[in-house]
Amino acid sequence: MKYKFRWAIIFIVVIGSLISLYPINEKIKLGLDLRGGMYVLLGVDVDKAVDAKLDTLVTQIKKDLRNEEIGFNFVKKEKDKIVIALKDNSVDKMKKLLSKNYPILKESSISENELLVEYQLDPKEVQKIKDYAVEQAAQVIRNRVDQFGVTEPIIQRQGEKNILVQLPGITDPDRALKLIGKTAQLKFYLVDDTVTSSDIASGNIPFDDIILYKKVIDKRTGKVIENTPFALKRDAVLTGDYLVDAEVRISSQFNEPYVLIKFDSAGAKLFGEITKNNVGKRLAIVLDNNVYSAPVIREAIMGGEAQITGNFTMEEAKDLAIVLRAGSLPAPVKVLENRTVGPSLGKDSIQKGIKASLIGLILVIGFMAVYYKFSGIIADIALLLNLVIILGVMGMFKATLTLPGIAGLILTIGMSVDANVLIFERIREEVRLGRTALSAIEAGFEKAMSTILDANITTLIAAVVLFQFGTGPVKGFAVTLSIGILASMFTAIFVSRTIFLQLYETKKSRKLSI
């Protein structure tokens, strides 16, 4: 009865671990290296997000200046600045307008005649835009992966501008990579038909025009077989921000798939006004700076729907619909690291890992039982409880078991009896000095305590550092090792001592088997 509280704690921990562990195949997930799949580290070009913000501000400032009837020659972006050239000396009115509507902009310089003013984004706003770009990119990729149908993906921010993507069980890594890496910035531009092909070739294009190309790639060779330039009005008349849906349809005329996009009410109204006011002109549909089509507007389109055609295969059309539905990335992403693990390698790793664990476990149990006799059996009980607790905690947090995680588990098997060895050797010393069994047990545990704590705490610190600064597989090793150390300390110090005290306190004359 004296140790009722101790046994209650042990009972709760063990039963709780067994409950957390069941069913084990649902509670403990297998990592990519065991299950097979795709590991991609993406770097977000956050500077492009800042550029995009400046482009948006340029468009908005032009609109506001016109509304306030402030004359200007141009408003344009130059590197990280917005340059405003005024027609007359209305700088005070312009400054007042920008101060009111754009507090994130700070004046950086002004010409002597006060007709040329430069603005820069506030540094805090720049950092905010970069942080938001990475967070939004992670969310967009998560939406795309969900629609792609991958189960149990891992998509998380890593560092200031990287995103880690793990796709278990993926069978077509190239297609998945194209899907998650496509920026998918959809824009509609009016085509400037006054610019001829010779003007484009000579570079003689108006100031407010841009040149984008319609690239057609040979699906068999991957080479660009058509690269048609288009002169477009610089400011997009509509963007994909108004998009609410995208789906694949089959053209009845050409029997080819195309993507039908639908706008929300505001986008439909804007699209209707654009088509109504530009009948007879061409409207270019541009995705990631590639012109997909530039049809002539025959009449006002009021339904809020448009088609993207581009000689798609069914698979390409489906992927395009997915990225449009999931939204565009706020900035381009670059693949920094890409690894694909085959499921056969993972299956082989699991079998070898289980085999190594069983061999290690049997050897350790046998050694302890032979070398420390009955006390060794108590240590073996603590070892088995240690394994149950480790797996139970992993199941509780739905941890992912990786190949390094299995290595950490095997290492823990060896380390878990290390504390018992320290204690047993101290107990043997006390027995040699002529102490009774109970007295030797208490003295042995007390003398070994500081050494056990020092060794385990330093290892735990190393595991925490590995988890903080390591990548995915190293983190798996660190998690397993950390849980193993804590479980080992509990079983070696608390469980073993409870068993010893329970057995020898009431039988003080009993000889210690150690």
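Two strands count as paired here if DSSP finds at least two bridges between them. In this predicted model, strand E4 (residues 81-86) and strand E6 (residues 116-121) are joined by 5 bridges and run antiparallel. One spot to look at along this pairing is Ile-84, which sits opposite Val-117 in E6.

Zooming out, E4 and E6 belong to an open sheet of 4 strands, ordered E3-E4-E6-E5 and paired in antiparallel fashion. Its edges are strand E3 (72-78) and strand E5 (105-110), each of which pairs on one side only. Going from one strand to the next, the twist averages 25°. Helix H5 (residues 91-101) packs on this sheet, where it touches E4, E5 and E6. The direction of H5 makes about 15° with that of E6.

There is another open sheet to look at, again with 4 strands, this time in the order E7-E8-E2-E18 and with antiparallel pairing. Strand E7 (154-158) and strand E18 (333-341) are the edge strands here, each pairing on one side only. Neighbouring strands of this sheet are turned against each other by 15° on average, if direction is ignored. Gly-37 is found opposite Pro-168 in E8.

Next comes a stretch with a label from a record. An unreviewed UniProt entry lists residues 226-331 as "domain: SecDF P1 head subdomain".

Helix H13 (residues 418-432) packs against helix H14 (residues 437-469) at an angle of about 135°, and their axes are 8 Å apart. Since angles over 145 degrees would be needed for roughly antiparallel, H13 counts as oblique to H14. The crossing of H13 past H14 is right-handed.

As for who touches whom, H13 brings Ala-419, Leu-422, Ile-423, Arg-426, Ile-427, Glu-430 and Val-431 to the contact. On the H14 side, the partners include Ala-440, Ile-441, Ala-443, Gly-444 and Phe-445, along with Lys-447, Ala-448, Thr-451 and Ile-452. Sorted by class, the contact of H13 with H14 comes to 11 nonpolar, 2 polar and 3 charged residues.

Methods. Residues numbered from 1 in each chain as written. Predicted model: local features only at pLDDT ≥ 70, side-chain atom pairs only at ≥ 80, totals over all residues. Heavy atoms only, no water. UniProt positions renumbered as here; feature names shortened; annotations may be inferred. Axes fitted to C-alpha atoms, helices over the stretch in contact; angles between N-to-C directions. Helix = DSSP H or I, 4+ residues; strand = E, 2+ residues; numbered from the N terminus. Parallel < 35°, antiparallel > 145°, perpendicular 65-115°, else oblique. Left-handed = near helix turned anticlockwise from the far one by under 90°. Contact = heavy atoms within 4.5 Å. Nonpolar A, V, L, I, M, F, W, Y, C, P; charged D, E, K, R; others polar.
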